[in-house]
Amino acid sequence: MTSRYRSSEASQGLGSFSPRRRTVVKAAAATAVLAGPLAAALPARAATDAPAFLHGVASGDPLPDGILLWTRVTPTPEAIPGSGLGPDTEVGWVVARDKAFTSIVAKGSTTATAASDHTVKADIRGLEPATDYWFRFSAGGTDSPVARTRTAPAADADVSGLRFGVVSCANWEAGHFSAYRHLAARNDLDAWLHLGDYIYEYKSGEYAARGKVVRPHAPANEILTLADYRIRHARYKTDPDLQALHLKAPVVAIWDDHEFADNAWSGGAVNHTEGAEGTWSARQAAAKQAYFEWMPVRPAIAGTTYRRLRFGKLADLSLLDLRSFRSQQASTASGSVDDPDRTLTGRAQLDWLKAGLKASDTRWRLVGNSVMISPFSFGSLSADLLKPLAKLLGLPQEGIAANTDQWDGYTDDRRELLAHLRSNAIGNTVFLTGDIHMAWANDVPVDAGTYPLSASAATEFVVTSVTSDNLDDIVKVPEGTVSAVAAPVIRAANRHVHWVDTDRHGYGVLDITAERAQMDYYVLSDRTDPDATTSWARSYRTRSGTQKVERTYDPV
């Protein structure tokens with residue numbers, strides 16, 4: 001025990017949002033008939049008035065001297081998520097060096113209120129770098145589960161290695177979250193990265209597993225109001241595998257579109273009808289408020305998830321928000337993918353990213369990136385595969401041969417960023433990506449049309465979905481059937497793509513040393529089986545100084 005440790009006061013850090021009330025027919029049930037859908041967002045609990053921690057505990061955004069802790073308390077039986085009911089409740093927290101809490105290093109308390117849906121955050125500082133800690137919350141004589149967390153290495157530390165779990169696209173109705181359970185069982189993660197689509201917004205049955213609901217989410221309607229988004233987050237937080245992973249390691253999360261609505265942009269979304277579903281500004285504000293209430297995320301700028309974390313001299317991690325500032329996706333009505341006036345990042349975020357990459361003095365520059373930056377051409381896919389692939393990627397099935405929701409739809413931003421990497425000789429930049437429900441290992445070429453004669457400016461590892469439908473699911477054929485046909489065609493048309501698996505579900509494990517950054521890809525036996533097994537599929541790495549991906553034949 002040293003004098004570096006001190007008690008620190010908690011702050012809820014939930015941001016300041018004030019979404020307007022709306023009169024939306026589809027959302028009327030959220031306030032008029034609370035009991036059913038809200039209760040569905042809760043696990044079973046004993047018939048008692050004692051406070052309960054029904055949604056687990058979590059930590060996130062590790063710093064060398066701190067960590068952000070999160071929980072949600074249910075102070076009384078009627079104080080269910082999204083209800084706006086329940087008394088103010090004092091919630092204590094304690095952080096210790098050991099799981100038995102014999103060596104306490106920090107403690108404090110804060111107040112859970114209905115205004116924040118009885119969620120609380122404690123931003124703990126004064127901790128030692130690169131150190132495991134255990135924490136728990138308490139309220140009214142009830143203790144939460146005990147969780148492990150870990151701080152980041154000191155900024156100037158020589159770090160021999162880092163290991164992160166990497167996931168995206170976890171659709172509740174499409175299956176069970178076995179990927180989280182298998183990551184939790186590893187016991188070797190410094191943190192885990194969630195690259196977006198932590199929740200999905202659809203009404204029940206609209207987007208499931210090959211059209212079949214494996215398990216119903218709550219509320220049953222498409223989520224539109226603040227109460228709706230709170231209930232949906234709460235439903236996810238009851239999953240035992242998700243709770244288990246949050247108990248084992250801190251999460252570093254960004255949002256993508258489904259935390260709001262499908263193919264969201266700054267002024268709307270494909271899955272939003274202005275007027276009939278209220279205003280986009282109100283829906284977006286409600287989604288952001290619920291996200292910051294229910295996620296252990298420390299926003300660097302109010303209302304956004306772009307921020308940067310550092311892990312000693314080995315790596316820094318720039319986390320992007322590619323929904324809040326983007327122009328509408330390109331179409332015949334909204335402009336060309338090459339229009340320099342259209343943006344994916346927004347000017348301020350792109351300048352921030354470029355400056356951070358240039359100023360970085362770490363060996364590796366990681367970028368948490370919710371949509372694929374590598375260019376992608378369909379090539380000569382047959383019509384029976386081209387149309388399902390367009391559907392998966394959210395594209396018009398006639399007329400536009402590019403995924404306009406990812407960086408391909410905003411080529412001026414990509415061109416500027418890649419030119420910046422090349423002109424400033426910025427090496428060892430690795431994009432970590434989710435979104436498209438397929439696994440990829442890519443070089444990121446300056447000019448895809450002439451690759452491999454043109455330079456590669458960076459590399460990219462894309463992880464598949466935890467549960468959300470991918471190509472074989474849309475076509476409704478046995479797993480592996482489509483990939484055997486589509487993957488060679490995709491690679492032939494995209495010479496910077498070293499590997500693509502269009503068909504399986506799973507997760508990644510990123511292992512970083514001074515010599516290389518390696519992604520091990522794992523797949524699940526059956527996303528619809530709560531006891532699904534996992535197996536290693538492939539591994540790819542980029543060696544320091546190369547800006548290229550190569551296959552390696554053993555997981556770390």
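How many of the 556 residues of the chain count as buried? The answer is 62%, where buried means under 20% relative accessible area with a 1.4 Å probe, protein chains only. Keep in mind that this is a predicted model, where local features need pLDDT of at least 70, side-chain atom pairs count only at pLDDT 80 or more, and totals for chains, interfaces and linings use all residues. Residues are numbered from 1 along each chain as its sequence is written, and side-chain values use heavy atoms, with hydrogens and water left out.

Switch to cartoon view: the chain has 11 helices and 22 strands, which are DSSP runs numbered from the N terminus (helices H or I, at least four residues; strands E, at least two).

Now select Phe177, Tyr180, Trp192 and Tyr507. They have the most contacts inside the largest nonpolar core, a set of 42 residues; such a core is made of buried Ala, Val, Leu, Ile, Met, Phe, Trp, Tyr and Cys residues joined through side-chain atoms within 4.5 Å. Color helix 6 (280-294) and strand 20 (516-524) next, among the elements that each supply at least two residues of this core. Helix 6 gives the largest share, six residues.

Zoom in on Trp192. Beyond its neighbours within four places in sequence, its contacts (heavy atoms within 4.5 Å) include Tyr180, Leu242 and Pro250.

Last stop: Leu242, in helix 5. Leu242 counts as buried because its relative accessibility is 1%.

Notes: Buried means under 20% relative accessible area, exposed over 50%, partly exposed in between (1.4 Å probe, protein chains only).
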